[in-house]
Structure formats: C-alpha cells, structure tokens
Amino acid sequence: MGSTPFTSPTIHRAEGLPYFTPANNAGAAVNQQDPNTPTLFRPLQIRDVTLKNRVIVAPMCTYSTESDPTSPAVGALTDFHIAHLGHLATKGAGLIFIEATSIQPNGRISPNDSGLWQDGTDSEQFKGLRRVVDFVHSQGARIGIQLAHAGRKASTVAPWLAAQAKQRGIKADESVGGWPSNVVGPSGGEEQIWAPGDQFWAPRELETVEVEELVRAFARSAELAAQAGVDVIEIHGAHGYLIHQFLSPITNRRTDKYGGSFENRTRLLSEVATAIRAVVPSGMPLFLRISATDWLENQAVAARTGSWDMPSSIQLTKLLPDLGIDFLDVSSGGNHKSQRIEPHTNYQIDLAGQIRQEIHAAKHTTLVGAVGFITEAESARDIVQGAEEEAQATEAILSGHKPKADAVLMARQFLREPEWVLTAAKKLDVKVSLPWQFTRGLL
C-alpha cells in the first residue's frame, strides 16, 4: 500500500509580498463577542477600517533615514523601519503608526526624519512606505501615518547626539543636512525660539501664500499615503509643532487670516483636514493629535497673550465632525518653555476623559484616544472598558464606570516590551491568535 499524502491545513499565504509568509492576525481575541472579553480586546470600527483590538502604537520618531538632501532616498523608510514596525505587528498591536512624517523638507525635526514630499509612486519615499505597509498588513495589523511639520522645532540633530553633548538640543546646520535659514513658524524672530540658550534656530514668519501651500502639501502627502495602502492618516497638531503653533496665541501673533481669533488660529488645521478628506477614500479614518493644553495656566506669559487650554480644545471638538475627523488623540504640552507640567499616572488620561465627556454631551460621535504613562494591562483595560456598549446603554447603566477613551495609545512601553499585547492578553485571561511562526514558543 502506498503512503497517505499529507494534506496541509488551511494556512493562507500573506498577500502583497514577493516572498512567502503565512498570513497572520496576532493579538485578535479568539472570542471577540464573549461578554467576558474586555473592551480592550474587542474590535473598533472606524469608517471602513476595523481594528482587531484597541491597542495603538503611537508615532515614535527614530531619526533613521538618509539625511543627504541630494540623495533620492532622503527621508525614505528603510529596512530598519520594516524590522521595527513589522516586529510590533507580529506581536499583536491593532494599529501601528509610522513616526511623524514631514510633508515638506523643512518640516522635519532632524535631517534624519522620515518624509513624504516626493512626487510620484516611483519615488524612494513612496516605495519605502509601501514596503512597510505591505509587511504590516501581512501580519494582520492596520497601519497609520502621522503627517507633520515641525515648524520652529525643525533642523536639530538626533536626540542621542544631543544627549552625548549634554544639551537639550543641537542645531543642525548645512554641514549635517540642516536648513537654518528656512526654519519657519506662524510668527518669527528671536522671541519665538522654542527653548532658551543656543539650542534651536530662530524661525522666520511664514508668508500667507506659504501657509496656503502647506495645506496643499499636506493633501499631496495624504494622497500618496493612501496610494501606498496606509489605513489611517493622523494630522499632527500637538507638542509645539507647526499646527499647534498656529492654534496657540502664545506662538501665533499673526495679523492675517491665520492669526488673531479662534477661528483664524484654527483655520490652518481646518483647511488641512478638509484638503486631506477631499483626496483620500471616503472610508479612510482621519485622526488628529492635539495638545489639550499648553500647561500655561496662571503663567504671566499666558496672561499677556492667552494660550491653548482645555476650553480651547473643547471648543475645537465642536468643529471636528464637519471636518471629517473621526478620532481625537489627546496629548498635551510642548509649545512653550514656561509650561508647568506635573506628570502623574493619569494626567493626560484625565484630559482625554474630560474631552470625551464633552463630545458625548454634544451628541457627537468623535472617538477619543488616551496616551501617556499607560504601561499595565489592567489600567489599559479600565481606560476603555465599556466604550463599545455606550450607544446601547441607558443612563442608569452608565452611572457607574465611565470609559475615558475608546482606545489607548502607547509608545515607549512598546520599546521596553514589544510583546505587550500578548502579555496583556495573558494577564487579562484573553485567548488571542498568535503568529504561526511563534506558536511553539508562545503557546
């Protein structure tokens, strides 16, 4: 008698790759609809995109691209980014954000930042992005990109070089690929230098036509990202970078249509969101990261000019539905040297929770993400627990625990613990799927 041929089980090949790997879906709860499965491990639907869990890898700058401005690979993602971001995909994160990616050459924080300003799908920047996207998708994760412009915080060297020199920042001049004469902001001059001392360049004030070109640049980069297969786009409006600089009266002293009133200071953000929404698929989610406050309350400098604070952020949330923004990523600070922050475990989570309550009180559906000092599975679980049930719940049911966010974003914890999602699932007694290649070690 002949031997019985081996019949392979149904393990599908991942699509979009020129080499073999089985399609994975690590970090997805096996019993997503089980009432005992915590919200953290239940899917989150945003437009046409479904996240398999509510754990998001926040954008993390790695300062690891080509810095030579004459190289066609300047700003392009590399094999390092495939290894770094792809590893997080194999370990179960629901959504992984590519680091702050500049929409113009002078919008990078450092010459080694990633960028997406080159035209065409044959550019090195596009091809590098597409390779990262394809691998992350092969592991069952969703991938987002944060589009950004550093404004007055631009043209510095990588932070580890600053650390070696025992400085908070080191200016990047032309000898290392910097652009000292083209550091820009909503307002200019020595008084607009981000930090004291000889650490950052003084920005020049953008002309009105240049601000209008910024809007078009954000849209071009968003369109390229969509063509590369990115699932989610986030507008970076936080941490003292250019859009945040426009939002806050402490850094925006303009007298044209982009300065002065709340409407004018939010105009750039509004135009950027509208322009992006017009060029990306209607089913693509659009995120916005903001600093909920400049942390300048009761500071003399803010008493003179005003600052961006929680009432400003709450007022901004009323605009988001009409701008097509689906998800608000709530961070804080980073816009003025006089900020006074007293970090504690929940300092930004509480801000997110307050903003989320205001959104719900206004009967809006904008989702909210919490970020900052989230390290433990139990705290992440508690932040979002019950979020998916609120639409069906009565006020009586909600009188107890109220979720503070719809998803959690984590950054540095993933550097310390790349397998955080799988570890959290074990701690919370949630059975999740694993990468086929890792099952012998993780079962």
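Begin in this predicted model with the largest nonpolar core, which has 97 residues, and select Phe-41, Leu-129 and Trp-420, the members that touch the most others.

Return now to Trp-420 and show its surroundings: beyond its neighbours within four places in sequence, Trp-420 is in contact with several residues, among them Leu-40, Val-55, Met-410, Gln-413 and Phe-414.

The aromatic rings are the next stop, and a search of the whole structure finds 8 aromatic pairs. Select Tyr-347 and Phe-373, whose rings form a tilted pair at 5.7 Å centre to centre, with 55 degrees between the planes. Tyr-347 sits in helix H11, while Phe-373, 26 residues apart from it, belongs to the loop between strand E11 and helix H12. Tyr-347 counts as buried because its relative accessibility is 15%, whereas Phe-373, with a relative accessible area of 43%, is partly exposed. Phe-414 and Trp-420 make an edge-to-face pair, 6.4 Å centre to centre and with 65 degrees between the planes, and both residues are buried. Ring pairs also join Phe-97, Phe-287 and Phe-327 into a cluster.

Finish at the largest pocket, which has a volume of about 1300 Å³. Its lining has 44 residues, and Pro-59, Tyr-63, His-239, Tyr-241 and Arg-412 are the closest to the centre. Helix H13 gives the most to this lining, with 4 residues, and by class the lining has 23 nonpolar, 16 polar and 5 charged residues.

Methods
Residues numbered from 1 in each chain as written. Predicted model: local features only at pLDDT ≥ 70, side-chain atom pairs only at ≥ 80, totals over all residues. Heavy atoms only, no water. 1 Å grid on protein atoms, 1.4 Å probe; cavity = no way out; pocket = protein on both sides within 12 Å on 5 of 7 lines; lining within 4 Å. Points joined across faces, edges and corners; volume = space filled by probe spheres on them. Helix = DSSP H or I, 4+ residues; strand = E, 2+ residues; numbered from the N terminus. Nonpolar A, V, L, I, M, F, W, Y, C, P; charged D, E, K, R; others polar. Core = buried A, V, L, I, M, F, W, Y, C linked by side-chain atoms within 4.5 Å. Buried < 20%, exposed > 50% of the residue type's maximum accessible area, 1.4 Å probe, protein only. Contact = heavy atoms within 4.5 Å. Phe/Tyr/Trp six-rings, centres within 6.5 Å; stacked < 30°, edge-to-face > 60°.
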